[in-house]
Amino acid sequence: MEKKKTNILGSVWSWIKNNPIVVLLTVVSLAMGMFVPNFFSFRNLNALISNTTVRFLIALGVSGCLITKGTDLSAGRQVGLAACLAGTLLQDPGYSARMYQWPEFSIPVALVIVVALGAFIGLINGLIISKLNVPPFIATLGTQTIVYGIALVFTNAQPIGAFKDSYKAFVNGLWFASKEKGGFPGVPYLLAWALIFGVLFWFIYNKTTHGKYMYAIGGNENAAEVSGVNTGRTKILIYVTAGIMYAIAGFLLAPKSGGASSTLGQGYELEAIAGCTIGGVSTTGGIGTVGGVLVGVLVFELLKIVLQFLGVNPFYNNIVQGLVIVVAVAVDIRKYVAKK
């Protein structure tokens, strides 16, 4: 019994040492809740759920790239383009200043169109990386610039708004909301998207051949190829899946943000990479879990709320978030070196 207790304590201490950022930000958040009024309010919780859901979907897309020792710097721009496309498809038909006089689209049809665009961009990324052997960093950096250019041309650098009420309600709606003043504010619809895709990705990563191939490539790509893994096809599928996730995130982000523009989503790829790394997805490949990604993104979003409640000048937010990214990657590299 004593030995078992010692092993449990050892495991807990090991986890704390390997996840210092998660522990630190959790402690800070608890301290804020104890000393700052309304920090643990339902309003804050709903904001956290909504913000986390969109970032979680993006991080799920990025996670597969990181696990295979790749990356995707085009994620944020793809989210922005998807939001712009969804916004133009679902603008109020009665709005006189519609950007494009297209026929009226239903929400499911618009979603399919946006997802098809995301899958196509992901396919391009996958083909460049797997067939042309261009490093993921360079390939997706190039795609990032191209997609941003397309978004600028598509929108003429103009903001898009006046969405259909049904589109706004589809994304921003609440379950179980009380109509009484001071009553229960409800649960955001967005939570369902996080739960559905969280379970789906957990199943893919843990119970499918594709998931096994993905981790094998991240562990040792040459050994995986010798073992019969079609590394090229697996990588293409990973980037197509990533593109789909960015498209869905953009589709949800437009009405959540109250509008869309070519700059929407800027820097989201760095937040996604940070969330993945904080949550234990190794930049050295072969390691990562869906649960860890969720924890990492959640902690990163908590950091933003903490900074807001502390009254930190918004201009400093990027500095703090950048430091968290550097520390997270440094810790990840330290763990990798220690294992070697």
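This is a brief walk through the packing inside this structure, which is a predicted model.

I'll start with the nonpolar core. The largest one has 62 residues, and the members touching the most others are Ile-58 and Phe-251. The helix that gives the most to this core is α11, residues 231–257, with 12 residues. Apart from this core lies another, made of 10 residues, including Ile-278, Phe-300, Leu-307 and Ala-328.

Now to Ile-58. What does Ile-58 contact beyond its neighbours within four places in sequence? Ala-75, Val-79, Tyr-246, Ala-249, Tyr-268 and Ala-272.

Next, Trp-193, in helix α8, which spans residues 190–207. Is Trp-193 buried or exposed? Its relative accessible area is 15%, and the cut-off for buried is under 20%, so Trp-193 counts as buried. Setting aside residues up to four places away in sequence, Trp-193 touches Thr-53, Leu-57, Leu-111, Phe-170, Ile-248 and Leu-252. Val-54 is 139 residues from Trp-193 in sequence, yet their C-alpha atoms are 8.7 Å apart in space.

Last, the cavities. There are 2 of 30 Å³ or more. Helices α12 (268–278) and α13 (290–309) each supply at least two of the lining residues. Two names come back here: Ala-272, which is one of the contacts of Ile-58, and Phe-300, which is a member of the 10-residue core.

Key:
Residues numbered from 1 in each chain as written. Predicted model: local features only at pLDDT ≥ 70, side-chain atom pairs only at ≥ 80, totals over all residues. Heavy atoms only, no water. Core = buried A, V, L, I, M, F, W, Y, C linked by side-chain atoms within 4.5 Å. Buried < 20%, exposed > 50% of the residue type's maximum accessible area, 1.4 Å probe, protein only. Helix = DSSP H or I, 4+ residues; strand = E, 2+ residues; numbered from the N terminus. Contact = heavy atoms within 4.5 Å. 1 Å grid on protein atoms, 1.4 Å probe; cavity = no way out; pocket = protein on both sides within 12 Å on 5 of 7 lines; lining within 4 Å. Points joined across faces, edges and corners; volume = space filled by probe spheres on them.
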